[in-house]
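Subject: Handing over a structure, with notes on what was found

Dear colleague,

Here is the structure that I would like to hand over to you. Please open it first, and then read the notes below alongside it.

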Amino acid sequence: MTEEEKMRLERCGFRLNRSGGHSARTIMVEELELLFAYITDPEAPKQSYVDAIVTENCLGKSSQSSRLITSQIISTMYGFDPDIPLFRLLRFFWARDMEGHALLAALCAYARDPIFRMSVPYILSINKGSQVSREVLETFIEEQEPGRYSTVTRASVAKNINSSWTQTGHLVGRGSKKRVEANPTVGNVAYAAILATLMGHRGKALFDSDPIRMLDVSAGRAMELAQQASEKGWLIYKRIGDIIEVGIPNQFSIPLNGGSL
């Protein structure tokens, strides 16, 4: 990836460094539900979200320090700034796709939390119905980031990642988890296709990208949902035989080739 490509992705809202919120928290779907119900204006500035969490305690945290930490982590994970295209898209789909909230959060976290993004190959490699232990994920993390985490921290990161994939519907269970199939929506596929497009995927290859594959659907089913999204005006999707065109509607004001975002 060139520096120009990295800069474009960062302008769209991607975070490409190594740090991520999963060192201390999950994707926090429940908190996001409460926060977006509390702040209904999608154009609200970031400070409104911070004030809602820290000053107004809309998440019902038990202490000031917990409010501050939660505010810092969840703000970094999702952006909370209408000038960030990925966050603007998150709020757009969130308001229109009630059944898809957990996977919408996961897709945004994929783009903005490098630790969670690192775990996607792990979750995709597990056969449906297989039992999953935290120790398996700890081994995977150590293979990806040799020596980066202490034993205690690695266990905490693994616990948070497994919890996030449980929230999305990829895992079930408490102590010992089992891999199951997630249940994506039209909005999930639209958001995933836009992420993949911004990442440079085109044509049929877009439907083999990580954002689409983490939805647990075949390429054929993803294309069907993409067509439905196109009919709603959420995505540009055209297919003639094996020729596929996927684009981002002008209403989202996200240029694909540089420019001011």
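The expected span of a helix is 1.5 Å times one less than its number of residues, and helices here are DSSP runs of H or I with at least four residues, while strands are runs of E with at least two, all numbered from the N terminus. This is a predicted model, in which local features need pLDDT of at least 70 and side-chain atom pairs count only at pLDDT 80 or more, whereas totals for chains, interfaces and linings use all residues. Residues are numbered from 1 along each chain as its sequence is written, and side-chain values use heavy atoms, with hydrogens and water left out.

Let me begin with helix α10. It covers residues 151–167, 17 residues in total, and its first and last C-alpha atoms are 25 Å apart, which is close to the 24 Å expected at 1.5 Å a residue. Several of its residues are buried, among them Val157, Ile161 and Trp165, where buried means under 20% relative accessible area, exposed means over 50%, and partly exposed lies in between, as found with a 1.4 Å probe on protein chains only. The buried residues of α10 pack against the helices α7 (114–118), α8 (120–124) and α9 (134–144), and also against the strands β2 (171–172) and β3 (177–179), contact being defined as heavy atoms within 4.5 Å.

How do α9 and α10 meet? The axes of these two helices come within 9 Å and cross at roughly 115 degrees; axes are lines fitted to C-alpha atoms, for helices over the stretch in contact, and angles run from 0 to 180 degrees between N-to-C directions. For this reason α9 is roughly perpendicular to α10, given that angles of 65 to 115 degrees count as roughly perpendicular, under 35 as roughly parallel, over 145 as roughly antiparallel and the rest as oblique. On the α9 side the contact includes Arg134, Leu137 and Glu138, and on the α10 side it includes Arg154, Ala155 and Lys159. By class, this contact of α9 with α10 has 6 nonpolar, 1 polar and 5 charged residues, where Ala, Val, Leu, Ile, Met, Phe, Trp, Tyr, Cys and Pro count as nonpolar, Asp, Glu, Lys and Arg as charged, and the others, Gly among them, as polar.

A second pair of helices is α2 (residues 29–38) and α3 (residues 46–54), which pack at an angle of about 115 degrees with their axes 11 Å apart, and which are therefore roughly perpendicular to each other. Leu35, Phe36 and Tyr38 in α2 meet Tyr49, Ala52 and Ile53 in α3, and by class this contact has 6 nonpolar, no polar and no charged residues. Within α3, the residues Tyr49, Ala52, Ile53 and Val54 are buried, and the buried residues of this helix pack against α2, α4 (64–78) and α5 (85–96).

Finally, some notes on the backbone. Most residues other than glycine have a negative phi. Methionine 28, in the loop between α1 (3–12) and α2, has a positive phi of about 55 degrees although it is not a glycine, and at 2% relative accessibility methionine 28 counts as buried. Serine 253, in the segment after β5 (243–247), also is not a glycine and has a positive phi of about 55 degrees, but at 53% relative accessibility serine 253 counts as exposed.
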